[in-house]
Amino acid sequence: MTQQQHSSHRLRCFGLGLILMSMLGQGAWAQSYAVPKPSPGLMPNPGVGKGLYGKFCASCHGVDLQGSAKGPPFLHKIYEPAHHSDAAFQLAAKNGVRAHHWAFGDMAPIPLVSPDEVAHITAYVRVEQRKVGIQ
């Protein structure tokens, strides 16, 4: 093996090591966030969710789900179920969210809302989304 081949091989091994370390680090981070689960057998109720949305969410996401100066709208394609699953709502309520789609800043955790309440809120949001064509 020439000196150039040896150097190239070392560089590839170093790069592979960095990639593996990065992947392992991401796995450890992802595992630290268990998705909160609603009670077994819970049937999320959009009617109940509407009231809970008003209590916990409307001040930032708007009483009409259209957003406000403090938070983004839920009646937007970004929040369709294929992009932000119901589990994402559970994680957001429990852990907060780093700003990533909007310029509103990070969302703080909502410690007073339970996983059952988040399930009801999500059911309400999904019903309202379907009304405006968000599937």
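In what follows, a residue is called buried when its relative accessible area is under 20%, exposed when it is over 50%, and partly exposed in between, with a 1.4 Å probe and protein chains only. By that scale Gly-105, at 40% relative accessibility, counts as partly exposed. The structure is a predicted model, in which local features need pLDDT of at least 70 and side-chain atom pairs count only at pLDDT 80 or more, while totals for chains, interfaces and linings use all residues. Residues are numbered from 1 along each chain as its sequence is written, and side-chain values use heavy atoms, with hydrogens and water left out.

## Overall layout

The protein has five helices and zero strands, where helices (H or I, at least four residues) and strands (E, at least two) are DSSP runs numbered from the N terminus. The order of elements from the N terminus on is therefore written α-α-α-α-α. Of its 135 residues, 28% count as buried. Contact here means heavy atoms within 4.5 Å, and among the contacts with a separation of 6 or more, 63% are between residues 24 or more positions apart.

In soluble globular proteins, nonpolar side chains tend to be buried together. A nonpolar core is taken as a set of buried Ala, Val, Leu, Ile, Met, Phe, Trp, Tyr and Cys residues joined through side-chain atoms within 4.5 Å. The largest such core has 17 residues, of which Tyr-53, Phe-56, Leu-65, Phe-74, Val-113, Ile-121 and Val-125 touch the most other members. Helix H2 (46-56), H4 and H5 each supply at least two residues of this core, and the largest share, four residues, comes from H5.

Helix H5 has 17 residues and reaches 25 Å from its first C-alpha to its last, close to the 24 Å expected at 1.5 Å a residue; the expected span is 1.5 Å times one less than the number of residues. Among the buried residues of H5 are Val-118, Ile-121, Thr-122, Val-125 and Gln-129, and the buried residues of this helix pack against H2 and H4. Val-125, leaving aside its neighbours within four places in sequence, is in contact with Tyr-53, Leu-65, Phe-74 and Phe-89. After H5 comes Gly-133, whose phi is positive, near 90°.

Leu-65, one of the contacts of Val-125, has its place in the loop between H3 and H4. Leu-65 is buried, with a relative accessible area of 1%, and its phi is near 65°, a positive value in a residue other than glycine. Most residues other than glycine have a negative phi.

## The largest pocket

Rolling a probe the size of a water molecule over the atoms shows where empty space is left. On a 1 Å grid over the protein atoms alone, a pocket is an open set of points where a 1.4 Å probe fits, with protein on both sides within 12 Å along at least five of seven lines, and lining residues have an atom within 4 Å of a point. The largest pocket has a volume of about 990 Å³, a volume being the space filled by probe spheres set on the points, which are joined across faces, edges and corners. Of the 37 residues that line this pocket, the closest to its centre are Ala-92, Gly-96, Val-97, Arg-98 and Met-107. Two or more lining residues come from each of helix H1 (3-31), helix H3 (58-61), helix H4 (86-95) and helix H5 (115-131), and the largest share, six residues, comes from H4. The lining divides into 25 nonpolar, nine polar and three charged residues, where Ala, Val, Leu, Ile, Met, Phe, Trp, Tyr, Cys and Pro count as nonpolar, Asp, Glu, Lys and Arg as charged, and the others, Gly among them, as polar.

Ala-92 is found in helix H4 and is buried, with a relative accessible area of 11%. Not counting residues up to four places away in sequence, Ala-92 touches Val-97, Met-107, Ala-108 and Pro-109.

## Loop residues and pairs apart in sequence

Gly-105 is found in the loop between H4 and H5, and Ala-34 in the loop between H1 and H2, where Ala-34 counts as exposed at 56% relative accessibility. Val-63, in the loop between H3 and H4, is exposed, with a relative accessible area of 69%, and touches Tyr-53 and Ala-58, not counting residues up to four places away in sequence.

| Residue pair | Separation in sequence | C-alpha to C-alpha distance |
|---|---|---|
| Ala-92 and Val-35 | 57 residues | 9.7 Å |
| Val-63 and Lys-50 | 13 residues | 9.7 Å |
| Gly-105 and Gly-71 | 34 residues | 8.4 Å |
| Ala-34 and Ala-87 | 53 residues | 10.0 Å |
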